[in-house]
Amino acid sequence: MSIMNTAQLTLLEKFLDLATARQSLLVSNIANVDTPGYRTQDMDFHGEMIRALSQDPGMPMIPVPREVPGLLSRPDGNNVSVDREGLLLAELQLKYQAATQAMRAEFALIRSVVSDAV
Amino acid sequence: MNLFGLLQISGTALLAQRERAEISASNLANADTTRTIEGGPYKRQNVVFAASHPFPSGFFATLAGFTDIHTQTVQVAGVVQDESAPTRRYDPGHPDADATGYVDFPNVNPVEESVNLMEAARSYQMNVSAIQTTKAMIQAAIQIAQ
(Lines give C-alpha, C1' and ligand atoms only; values in the text may rest on other atoms or scores of the structure.)
Protein backbone atom coordinates (compact mmCIF):
# COMPACT_ATOMS: atom_id res chain seq x y z
CA MET A 1 0.00 0.00 0.00
CA SER A 2 1.52 3.27 -1.14
CA ILE A 3 0.87 6.68 0.38
CA MET A 4 -1.59 7.62 -2.36
CA ASN A 5 -3.45 4.33 -2.29
CA THR A 6 -4.92 4.09 1.18
CA ALA A 7 -7.76 1.77 2.11
CA GLN A 8 -9.99 4.78 2.78
CA LEU A 9 -9.40 6.25 -0.66
CA THR A 10 -10.15 2.92 -2.34
CA LEU A 11 -13.35 2.62 -0.33
CA LEU A 12 -14.45 6.16 -1.10
CA GLU A 13 -13.65 5.76 -4.78
CA LYS A 14 -15.87 2.70 -5.01
CA PHE A 15 -18.60 4.50 -3.11
CA LEU A 16 -18.51 7.46 -5.51
CA ASP A 17 -18.56 5.12 -8.53
CA LEU A 18 -21.60 3.28 -7.19
CA ALA A 19 -23.32 6.54 -6.23
CA THR A 20 -22.86 7.76 -9.82
CA ALA A 21 -24.34 4.50 -11.14
CA ARG A 22 -27.30 4.88 -8.82
CA GLN A 23 -27.77 8.51 -9.78
CA SER A 24 -27.95 7.40 -13.41
CA LEU A 25 -30.84 5.06 -12.54
CA LEU A 26 -32.66 7.75 -10.55
CA VAL A 27 -32.24 10.28 -13.35
CA SER A 28 -33.55 7.71 -15.87
CA ASN A 29 -36.57 7.06 -13.69
CA ILE A 30 -37.35 10.76 -13.39
CA ALA A 31 -36.84 11.34 -17.12
CA ASN A 32 -39.34 8.56 -17.83
CA VAL A 33 -41.95 9.62 -15.29
CA ASP A 34 -44.55 9.90 -18.09
CA THR A 35 -43.40 7.10 -20.39
CA PRO A 36 -46.10 4.42 -20.70
CA GLY A 37 -44.93 1.00 -19.56
CA TYR A 38 -41.67 2.21 -17.98
CA ARG A 39 -40.74 0.34 -14.78
CA THR A 40 -38.72 1.90 -11.95
CA GLN A 41 -35.10 0.73 -11.92
CA ASP A 42 -32.79 0.71 -8.93
CA MET A 43 -29.91 -1.31 -7.52
CA ASP A 44 -29.03 -2.99 -4.25
CA PHE A 45 -26.52 -0.36 -3.09
CA HIS A 46 -25.37 -2.23 0.02
CA GLY A 47 -25.00 -5.53 -1.84
CA GLU A 48 -23.14 -3.89 -4.73
CA MET A 49 -20.78 -2.15 -2.29
CA ILE A 50 -19.93 -5.48 -0.62
CA ARG A 51 -19.44 -7.09 -4.04
CA ALA A 52 -17.18 -4.23 -5.18
CA LEU A 53 -15.01 -4.53 -2.08
CA SER A 54 -14.68 -8.30 -2.32
CA GLN A 55 -13.61 -8.37 -5.95
CA ASP A 56 -10.22 -7.61 -7.45
CA PRO A 57 -9.65 -3.81 -7.18
CA GLY A 58 -8.62 -3.56 -10.83
CA MET A 59 -11.87 -5.07 -12.07
CA PRO A 60 -14.49 -2.65 -13.43
CA MET A 61 -17.70 -2.49 -11.43
CA ILE A 62 -20.86 -3.31 -13.31
CA PRO A 63 -23.82 -2.85 -10.97
CA VAL A 64 -26.87 -4.94 -11.77
CA PRO A 65 -30.00 -2.83 -12.15
CA ARG A 66 -33.26 -4.39 -11.10
CA GLU A 67 -36.92 -3.55 -11.11
CA VAL A 68 -38.21 -2.16 -7.84
CA PRO A 69 -41.02 -4.32 -6.44
CA GLY A 70 -44.04 -3.08 -4.54
CA LEU A 71 -44.61 0.21 -6.33
CA LEU A 72 -48.09 1.23 -7.41
CA SER A 73 -48.59 0.97 -11.17
CA ARG A 74 -50.62 3.51 -13.08
CA PRO A 75 -53.08 2.34 -15.75
CA ASP A 76 -50.46 2.95 -18.48
CA GLY A 77 -48.09 0.45 -16.81
CA ASN A 78 -45.67 3.10 -15.48
CA ASN A 79 -44.77 2.79 -11.81
CA VAL A 80 -42.40 5.73 -11.24
CA SER A 81 -43.10 7.39 -7.90
CA VAL A 82 -41.99 11.01 -7.90
CA ASP A 83 -41.83 11.04 -4.08
CA ARG A 84 -39.54 8.05 -3.95
CA GLU A 85 -37.21 9.36 -6.65
CA GLY A 86 -37.09 12.87 -5.18
CA LEU A 87 -36.24 11.54 -1.73
CA LEU A 88 -33.52 9.23 -3.03
CA LEU A 89 -32.12 12.03 -5.19
CA ALA A 90 -31.73 14.33 -2.16
CA GLU A 91 -30.31 11.49 -0.02
CA LEU A 92 -27.80 10.45 -2.66
CA GLN A 93 -26.62 14.02 -3.22
CA LEU A 94 -25.86 14.45 0.50
CA LYS A 95 -24.13 11.08 0.72
CA TYR A 96 -22.05 11.95 -2.34
CA GLN A 97 -21.02 15.26 -0.78
CA ALA A 98 -20.16 13.50 2.48
CA ALA A 99 -17.94 11.06 0.58
CA THR A 100 -16.18 13.84 -1.36
CA GLN A 101 -15.61 15.71 1.91
CA ALA A 102 -14.10 12.57 3.44
CA MET A 103 -11.91 12.24 0.38
CA ARG A 104 -10.72 15.84 0.75
CA ALA A 105 -9.90 15.16 4.40
CA GLU A 106 -7.92 12.09 3.37
CA PHE A 107 -5.97 14.09 0.80
CA ALA A 108 -5.37 16.87 3.35
CA LEU A 109 -3.87 14.22 5.63
CA ILE A 110 -1.57 12.97 2.87
CA ARG A 111 -0.67 16.56 1.99
CA SER A 112 0.26 17.35 5.58
CA VAL A 113 2.52 14.29 5.68
CA VAL A 114 4.21 15.38 2.45
CA SER A 115 4.65 19.01 3.51
CA ASP A 116 6.00 18.04 6.95
CA ALA A 117 8.68 16.01 5.27
CA VAL A 118 9.94 18.99 3.28
CA MET B 1 -22.01 6.36 -17.06
CA ASN B 2 -20.48 9.55 -15.75
CA LEU B 3 -22.25 12.50 -14.22
CA PHE B 4 -22.05 14.66 -17.34
CA GLY B 5 -24.02 12.05 -19.28
CA LEU B 6 -26.78 12.23 -16.67
CA LEU B 7 -27.32 15.90 -17.47
CA GLN B 8 -28.09 14.83 -21.03
CA ILE B 9 -30.64 12.25 -19.89
CA SER B 10 -32.50 14.91 -17.92
CA GLY B 11 -32.11 17.18 -20.93
CA THR B 12 -34.00 14.75 -23.16
CA ALA B 13 -36.82 14.77 -20.61
CA LEU B 14 -36.94 18.57 -20.56
CA LEU B 15 -37.20 18.55 -24.34
CA ALA B 16 -39.95 15.93 -24.33
CA GLN B 17 -41.99 17.68 -21.63
CA ARG B 18 -41.67 20.99 -23.41
CA GLU B 19 -42.93 19.46 -26.63
CA ARG B 20 -45.86 18.01 -24.71
CA ALA B 21 -46.66 21.46 -23.28
CA GLU B 22 -46.44 22.96 -26.77
CA ILE B 23 -48.88 20.42 -28.17
CA SER B 24 -51.23 21.01 -25.27
CA ALA B 25 -51.05 24.76 -25.79
CA SER B 26 -51.83 24.25 -29.47
CA ASN B 27 -54.85 22.13 -28.52
CA LEU B 28 -56.11 24.84 -26.17
CA ALA B 29 -55.52 27.57 -28.73
CA ASN B 30 -57.52 25.62 -31.31
CA ALA B 31 -60.31 24.52 -28.98
CA ASP B 32 -62.86 26.32 -31.16
CA THR B 33 -61.25 26.05 -34.59
CA THR B 34 -63.72 24.72 -37.12
CA ARG B 35 -61.61 25.11 -40.24
CA THR B 36 -58.27 23.42 -40.95
CA ILE B 37 -56.15 22.85 -44.05
CA GLU B 38 -57.20 19.18 -44.08
CA GLY B 39 -60.82 20.28 -43.82
CA GLY B 40 -63.19 19.86 -40.91
CA PRO B 41 -62.62 20.91 -37.33
CA TYR B 42 -59.22 20.82 -35.58
CA LYS B 43 -58.39 17.43 -34.08
CA ARG B 44 -56.77 17.07 -30.70
CA GLN B 45 -53.05 16.16 -30.84
CA ASN B 46 -51.31 13.90 -28.38
CA VAL B 47 -47.62 13.19 -27.80
CA VAL B 48 -46.34 9.65 -27.26
CA PHE B 49 -43.31 9.24 -25.02
CA ALA B 50 -40.94 6.32 -25.43
CA ALA B 51 -37.94 5.23 -23.38
CA SER B 52 -34.83 4.50 -25.41
CA HIS B 53 -31.07 4.14 -25.47
CA PRO B 54 -30.61 6.35 -28.50
CA PHE B 55 -27.09 7.54 -27.92
CA PRO B 56 -24.87 6.50 -30.78
CA SER B 57 -21.58 4.83 -30.11
CA GLY B 58 -18.43 6.74 -30.88
CA PHE B 59 -16.12 9.25 -29.30
CA PHE B 60 -18.67 11.66 -27.82
CA ALA B 61 -20.90 8.88 -26.56
CA THR B 62 -17.93 7.34 -24.79
CA LEU B 63 -16.96 10.74 -23.39
CA ALA B 64 -20.42 11.17 -21.90
CA GLY B 65 -20.22 7.63 -20.57
CA PHE B 66 -23.06 6.19 -22.65
CA THR B 67 -21.62 2.75 -22.76
CA ASP B 68 -23.85 0.82 -20.40
CA ILE B 69 -27.34 -0.19 -21.27
CA HIS B 70 -29.53 0.40 -18.24
CA THR B 71 -29.91 4.16 -18.42
CA GLN B 72 -32.87 5.22 -20.49
CA THR B 73 -33.54 8.57 -22.05
CA VAL B 74 -36.98 9.69 -23.10
CA GLN B 75 -38.07 10.74 -26.55
CA VAL B 76 -41.22 11.92 -28.21
CA ALA B 77 -41.91 8.89 -30.40
CA GLY B 78 -44.59 10.72 -32.30
CA VAL B 79 -47.55 13.02 -32.27
CA VAL B 80 -50.86 11.26 -32.83
CA GLN B 81 -54.26 12.68 -33.64
CA ASP B 82 -57.19 11.93 -31.42
CA GLU B 83 -59.69 10.47 -33.91
CA SER B 84 -62.65 10.58 -31.56
CA ALA B 85 -65.83 12.23 -32.86
CA PRO B 86 -66.04 16.04 -32.90
CA THR B 87 -68.25 17.82 -30.41
CA ARG B 88 -71.50 18.81 -32.15
CA ARG B 89 -73.09 22.04 -31.07
CA TYR B 90 -76.35 23.53 -32.34
CA ASP B 91 -75.62 26.95 -33.88
CA PRO B 92 -77.59 27.53 -37.10
CA GLY B 93 -76.09 31.01 -37.59
CA HIS B 94 -72.55 29.64 -37.80
CA PRO B 95 -71.06 29.63 -41.34
CA ASP B 96 -69.83 26.03 -40.84
CA ALA B 97 -73.20 24.70 -39.70
CA ASP B 98 -74.55 21.69 -41.63
CA ALA B 99 -78.08 21.32 -43.00
CA THR B 100 -79.49 20.45 -39.56
CA GLY B 101 -77.91 23.52 -37.95
CA TYR B 102 -75.22 21.65 -36.05
CA VAL B 103 -71.52 22.66 -36.11
CA ASP B 104 -68.63 20.21 -35.63
CA PHE B 105 -66.29 21.63 -33.01
CA PRO B 106 -62.89 20.15 -32.12
CA ASN B 107 -62.72 17.16 -29.75
CA VAL B 108 -60.63 19.25 -27.36
CA ASN B 109 -61.58 19.23 -23.69
CA PRO B 110 -60.10 22.39 -22.11
CA VAL B 111 -60.10 20.86 -18.61
CA GLU B 112 -58.21 17.80 -19.82
CA GLU B 113 -55.67 20.02 -21.60
CA SER B 114 -55.16 22.20 -18.54
CA VAL B 115 -54.44 19.14 -16.42
CA ASN B 116 -52.06 17.86 -19.10
CA LEU B 117 -50.28 21.22 -19.13
CA MET B 118 -49.92 21.19 -15.33
CA GLU B 119 -48.57 17.65 -15.44
CA ALA B 120 -46.00 18.64 -18.05
CA ALA B 121 -44.91 21.62 -15.93
CA ARG B 122 -44.52 19.46 -12.81
CA SER B 123 -42.53 16.80 -14.66
CA TYR B 124 -40.35 19.54 -16.12
CA GLN B 125 -39.67 20.89 -12.61
CA MET B 126 -38.86 17.41 -11.35
CA ASN B 127 -36.24 17.01 -14.07
CA VAL B 128 -34.81 20.44 -13.28
CA SER B 129 -34.37 19.23 -9.67
CA ALA B 130 -32.58 16.15 -10.99
CA ILE B 131 -30.25 18.38 -13.01
CA GLN B 132 -29.52 20.53 -9.96
CA THR B 133 -28.68 17.44 -7.91
CA THR B 134 -26.35 16.12 -10.60
CA LYS B 135 -24.75 19.55 -10.86
CA ALA B 136 -24.14 19.66 -7.11
CA MET B 137 -22.52 16.22 -7.31
CA ILE B 138 -20.23 17.32 -10.13
CA GLN B 139 -19.24 20.41 -8.14
CA ALA B 140 -18.52 18.27 -5.07
CA ALA B 141 -16.33 16.00 -7.21
CA ILE B 142 -14.45 18.99 -8.61
CA GLN B 143 -13.81 20.29 -5.10
CA ILE B 144 -11.98 17.11 -4.12
CA ALA B 145 -8.97 18.47 -5.95
CA GLN B 146 -9.09 21.89 -4.31
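I took helices (H or I, at least four residues) and strands (E, at least two) as DSSP runs, numbered from the N terminus. With that settled, I looked up B:Gln72, which is found in the loop between helix H2 (59-64) and strand S2 (73-81) of chain B.

**Conventions.** I noted that this is a predicted model, in which local features need pLDDT of at least 70 and side-chain atom pairs count only at pLDDT 80 or more, while totals for chains, interfaces and linings use all residues. Residues are numbered from 1 along each chain as its sequence is written, chains are lettered from A and ligands numbered from 1 in the order in which they are written, and side-chain values use heavy atoms, with hydrogens and water left out.

**Entry on B:Gln72.** Is B:Gln72 buried or exposed? I found a relative accessible area of 16%, so B:Gln72 is buried; buried means under 20% relative accessible area, exposed over 50%, and partly exposed in between (1.4 Å probe, protein chains only). I then listed its contacts (heavy atoms within 4.5 Å). Not counting residues up to four places away in sequence, B:Gln72 touches A:Ser28, A:Asn32 and A:Tyr38 in chain A, and B:Ile9, B:Ala51, B:Ser52 and B:His53 in chain B.

**Entry on B:Ala97.** I located B:Ala97 in the loop between strand S3 (87-90) and strand S4 (102-105) of chain B. Its relative accessibility is 23%, and B:Ala97 therefore counts as partly exposed. Leaving aside neighbours within four places in sequence, I recorded contacts of B:Ala97 with B:Asp91, B:Pro92, B:Tyr102 and B:Val103. I also noted B:Thr34, which is 63 residues from B:Ala97 in sequence and 9.8 Å from it in space, C-alpha to C-alpha.

**Entry on chain B.** I counted 3 helices and 4 strands in chain B. Along the sequence they follow the pattern α-β-α-β-β-β-α. Of its 146 residues, 37% are buried. Among contacts in chain B with a separation of 6 or more, 68% join residues 24 or more positions apart. Chain B exposes about 8,100 Å², and carbon and sulfur atoms supply 58% of this area; accessible areas come from the Shrake-Rupley method with a 1.4 Å probe, and for residues only the protein chains shown count as cover.

**Entry on chain A.** I found 3 helices and 2 strands in chain A, in the order α-β-α-β-α from the N terminus on. The radius of gyration of chain A is 18 Å, well over the 13 Å that the globule rule gives for 118 residues, so chain A is more spread out than a compact globule. This radius is taken over C-alpha atoms, and the rule is 2.2 Å times the number of residues to the power 0.38. Along its principal axes the C-alpha trace of chain A spans about 65 × 25 × 20 Å. I noted that 43% of the 118 residues count as buried.

**Entry on aromatic pairs.** How many aromatic pairs does the structure hold over all chains? I found 2. Rings of Phe, Tyr and Trp (its six-membered ring) pair if their centres lie within 6.5 Å; planes under 30 degrees apart count as stacked, over 60 as edge-to-face and the rest as tilted. A:Phe15 and A:Phe45 have ring centres 5.5 Å apart and planes at 70°, so the pair is edge-to-face. A:Phe15 lies in helix H1 (residues 7-31) of chain A and A:Phe45 in helix H2 (residues 45-54) of chain A, so the pair ties together parts that are 30 residues apart in sequence. Both A:Phe15 and A:Phe45 are buried.
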